[in-house]
Amino acid sequence: DVAKGYILYLEDISVSFDGFKAINELNLYIKEGELRCIIGPNGAGKTTMMDIITGKTRPDQGSAWFGQNINLLELSEPEIAQAGIGRKFQKPTVFEQLSVFANLELSMAGEKGVWTTLTATLTGEQRDRIDNVLVKIGLIEHRYQDAGSLSHGQKQWLEIGMLLMQNPKLLLVDEPVAGMTHQEMDRTGELLTSLAGEHSIVLVEHDMDFVRSLAKQVTVLHQGSVLAEGSMAQVQADPRVVEVYLGE
Ligand code: ADP
């Protein structure tokens, strides 16, 4: 029985690679609308955990539920994306030669093929949806610019916008602020905070100052399981967490 109010419910998940337990009896419960930060030293299992949620990697044991009744372990990778889980990798992969607007247009959920998308006229409603996302990601004034001419930070926001065009319920975001200026980091924090509520977000992040600035619940992964959970101040005061980070 899956508890109510959770968008993601991972229980007792383990996965081994050649006998090495990359994920070891992991439990992770994400509430609807929550923004959760996942930290942990290199090799802690953060990427593998994201791969399990998206169906790229299958666990050896455990259960993984999305919302009340979607069993992630029974779905293929495309089916999981279709069900409403979007993932943003660290490096932005926008279409550099196309405008910001066209990037969002191509990412719009729907049955239309790329050719139809580029040749057909958008409905007013579709235009509004794109404009809406442009405002959210702060790129409305850059909409007719080639994506290739954007700054690194703006490309990251555009890619988040491209995910939003698919109406995901859960966003998985991998180190979005790597390589950003301080100003871009602040803006990214505001963006993620504003998206939480309507969406649920799992954020893997190395930058501790950024995680602290978000002031959300933090989960510390270590050796494939949860070492500590709480506010950044709480987990940083935990001697086991201190030990793990000093040993890195
Ligand atoms: P993190 O993202 O926290 O740095 P990873 O999930 O990438 O950690 O890796 C966890 C552990 O699992 C590491 O020791 C890594 O070497 C190992 N690992 C991850 N993927 C594979 C794989 N496909 N084959 C073998 N070992 C892997």
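The shell around the ligand consists of Phe17, Phe20, Ala22, Pro41, Asn42, Gly43, Ala44, Gly45, Lys46, Thr47 and Thr48, a residue being taken as near a molecule if one of its heavy atoms lies within 4 Å of it. The model is a predicted one, in which local features need pLDDT of at least 70 and side-chain atom pairs count only at pLDDT 80 or more, whereas totals for chains, interfaces and linings use all residues. Residues are numbered from 1 along each chain as its sequence is written, and side-chain values use heavy atoms, with hydrogens and water left out.

By residue class, the shell divides into five nonpolar, five polar and one charged residue, where Ala, Val, Leu, Ile, Met, Phe, Trp, Tyr, Cys and Pro count as nonpolar, Asp, Glu, Lys and Arg as charged, and the others, Gly among them, as polar. Polar contacts are pairs of N or O atoms within 3.5 Å; within protein, one atom must be able to donate a hydrogen and the other to accept it, and residues adjacent in sequence count only if both atoms are side-chain atoms. A polar side-chain atom of threonine 48 is placed 2.6 Å from an oxygen atom of the ligand, while a backbone N or O atom of glycine 45 lies 3.0 Å from a ligand oxygen and a polar backbone atom of alanine 44 lies 3.1 Å from a ligand oxygen. Of the 560 Å² of accessible area that the ligand has on its own, the protein covers 59%, as computed by the Shrake-Rupley method with a 1.4 Å probe.

Two or more residues of this shell come from each of the elements β2 (20-31) and α1 (46-53), helices (H or I, at least four residues) and strands (E, at least two) being DSSP runs numbered from the N terminus. The largest share, three residues, comes from α1. This helix is mostly covered, with seven of its eight residues buried, namely Lys46, Thr48, Met49, Met50, Asp51, Ile52 and Ile53; buried means under 20% relative accessible area, exposed over 50%, and partly exposed in between (1.4 Å probe, protein chains only). Just after α1, glycine 55 adopts a positive phi of about 85°.

Positive phi values also occur in residues other than glycine. Most residues other than glycine have a negative phi. Aspartate 18, in the loop between β1 (6-17) and β2, has a phi near 50° and is exposed at 85% relative accessibility. Glutamate 175, in the loop between β7 (170-174) and α7 (182-195), has a phi near 40° but is buried at 13% relative accessibility.

Glutamine 156, in helix α6 (residues 152-164), is buried with a relative accessible area of 1%, and its side chain reaches the backbone oxygen of proline 176 at 3.3 Å. Valine 211, in helix α8 (residues 208-214), has a relative accessible area of 0% and is likewise buried; its C-alpha atom is separated by 8.8 Å from that of glycine 189, 22 residues apart along the chain.

Among the aromatic residues, Tyr6, Tyr9 and Tyr29 form one cluster, and tyrosine 9 is buried at 14% relative accessible area. Arginine 187 lies over the face of tryptophan 157, at 5.8 Å from the ring centre, the criterion being NZ of Lys or CZ of Arg within 6 Å of the ring centre and within 35 degrees of the ring normal. Rings of Phe, Tyr and Trp (its six-membered ring) pair if their centres lie within 6.5 Å, with planes under 30 degrees apart counted as stacked, over 60 as edge-to-face and the rest as tilted. By this rule there are four aromatic pairs. Tyrosine 6 and tyrosine 9 form an edge-to-face pair, with 5.5 Å centre to centre and 75° between the planes.
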